[in-house]
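Please take a moment to look over the sequence and the model before reading on.

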Amino acid sequence: MKIAYISTYLPKQCGIATFTNDLIHSIDHQDSEIIQHVIALSDRPYSYPEEVVFQINPQQQLDYIQAADFINENKYDCVVLEHEYGIFGGNSGVYILSLINQLHMPLLVNLHTILEKPNIDERAILIEIAKRASIIVVMSSYAINLLQKIYHVHEDKIRLIPHGVPAFDYQQDRAKEKLQLAHKKIILTFGFIARNKGIETVILALPKVVQEYPDTVYLLVGKTHPNVLRESGEEYREYLISLIKEKGLEEHVIFVNDFVSTEALTTYLTACDIYITPYINEAQITSGTLSFAVGAGAAVSLYSLLAC
């Protein structure tokens, strides 16, 4: 069996790229006879592993058509599309339709974002993708409701597969020692730094927490989002640093400005006591790191932080 994945891919620093890499390696672990190739969305040159067999410049519509020709010519048994509006070119990622509408084999779609209030283009694109797809995979029951209510996708096409997590050893004390944070109460937020993450909300709430629990540390693990970095540099991170100084929290907030490996993320999640996702955007209906945090045994609740 031959499978082609349409996605971003490592070493690109992107959650979808990590998800696809994990998916491919999990399938290979179950059945190494399955041939798996990646059609990678590449915004710049990357040193890709051998499974990447074709690259698409996201902003070049012709690349999508050529990718469809490549997939058809190589007679893949099915295609898996990892869909996130922001990784495809054209208005609201419309260029991806140029590819999937030319395919001669079944299409399976993993939907990573399903908007409750899409604009006209976003809704039309997802409806078109759903028409072309043989199977649509979502990661929450709420996503199924959105697909049926807003995009009129028939339930027979939809499959619910909850987000997987790595194996954890649950040795929290050992993980804290490894991070040189033994005997600390650790609050963690992980992921690209951007204004829509609502991190300032946590920092504003933190003084009352550390007043009662002075051994509390808030870890912010992640680089500034590449798109944010390109458009406005480190403006948001600098704003957060100034806010930390204003609130006298220099000893209680630690930035880890890195795109960490799964192994390192496992350590951070094992060490943390509370994992917090203070997203401003309610459209975020699933989160890989949120699932990982639950798997690590961490408390996951914004209310828990504010109620401390």
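The second largest pocket is lined by Pro11, Lys12, Gln13, Asp43, Arg44, Tyr46, Phe192, Lys223, Thr224, Pro226, Leu229 and Arg230. A pocket, on a 1 Å grid over the protein atoms alone, is an open set of points with protein on both sides within 12 Å along at least five of seven lines, and a lining residue has an atom within 4 Å of a point. The space in this second largest pocket is about 250 Å³, where a volume is the space filled by probe spheres set on the grid points, which are joined across faces, edges and corners. Its lining divides into five nonpolar, two polar and five charged residues; here Ala, Val, Leu, Ile, Met, Phe, Trp, Tyr, Cys and Pro count as nonpolar, Asp, Glu, Lys and Arg as charged, and the others, Gly among them, as polar.

The model is predicted, and local features need a pLDDT of at least 70, side-chain atom pairs count only at pLDDT 80 or more, and totals for chains, interfaces and linings use all residues.

The structure holds five aromatic pairs, and rings of Phe, Tyr and Trp (its six-membered ring) pair if their centres lie within 6.5 Å, with planes under 30 degrees apart counted as stacked, over 60 as edge-to-face and the rest as tilted. The rings of Tyr46 and Tyr48 have centres 5.6 Å apart and planes at 50°, so this pair is tilted. Both Tyr46 and Tyr48 are buried, a word that stands for under 20% relative accessible area, as exposed does for over 50% and partly exposed for values in between (1.4 Å probe, protein chains only). Tyr64 and Tyr95 form an edge-to-face pair, with 5.8 Å from centre to centre and 70° between the planes. Because Tyr64 lies in helix α2 (residues 61–73) and Tyr95 in the loop between β4 (78–83) and α3 (96–100), the pair ties together parts that are 31 residues apart in sequence. Helices (H or I, at least four residues) and strands (E, at least two) are DSSP runs, numbered from the N terminus.

Next come the strands, and two strands pair if DSSP finds at least two bridges between them. Strand β5 (residues 107–111) runs parallel to strand β6 (residues 135–138) and is joined to it by three bridges, with Asn110 opposite Val137 in β6. On the other hand, β6 also pairs in the parallel sense with strand β7 (residues 158–160), over three bridges, and there the bridge partner of Val137 is Arg159. Helix α4 (residues 120–132) makes a right-handed β-α-β unit with β5 and β6, and helix α5 (residues 141–150) makes a right-handed one with β6 and β7. A crossover is right-handed if, with the strands pointing away from the viewer, the path from the first strand over the helix to the second runs clockwise.

Which order do the strands take in the open sheet of five strands? The order is β10-β9-β8-β11-β12, and the pairing is parallel; β10 and β12 (299–300) are the edge strands, each pairing on one side only. Within this sheet, six bridges join strand β8 (residues 185–190) to β9, and Leu188 stands opposite Leu219 in β9. The chain crosses from β8 to β9 through helix α7 (residues 199–212), in a right-handed β-α-β crossover. Four bridges join β9 to strand β10 (residues 253–256), where Ile254 is the bridge partner of Leu219.

Why is strand β9 (residues 216–221) described as largely enclosed by the rest of the structure? The reason is that six of its six residues are buried. In a regular strand the side chains alternate between the two faces of the sheet. In β9, Thr216, Tyr218 and Leu220 point one way, and Val217, Leu219 and Val221 the other way.

Strand β11 (residues 274–275) pairs with β12 over two bridges, and Tyr275 stands opposite Val300 in β12. Tyr275 is also one of the residues that line the largest cavity, a cavity being a set of grid points where a 1.4 Å probe fits but cannot get out. The largest cavity has a volume of about 30 Å³, and its lining divides into five nonpolar, two polar and one charged residue.

Notes. Residues are numbered from 1 along each chain as its sequence is written. Side-chain values use heavy atoms; hydrogens and water are left out.
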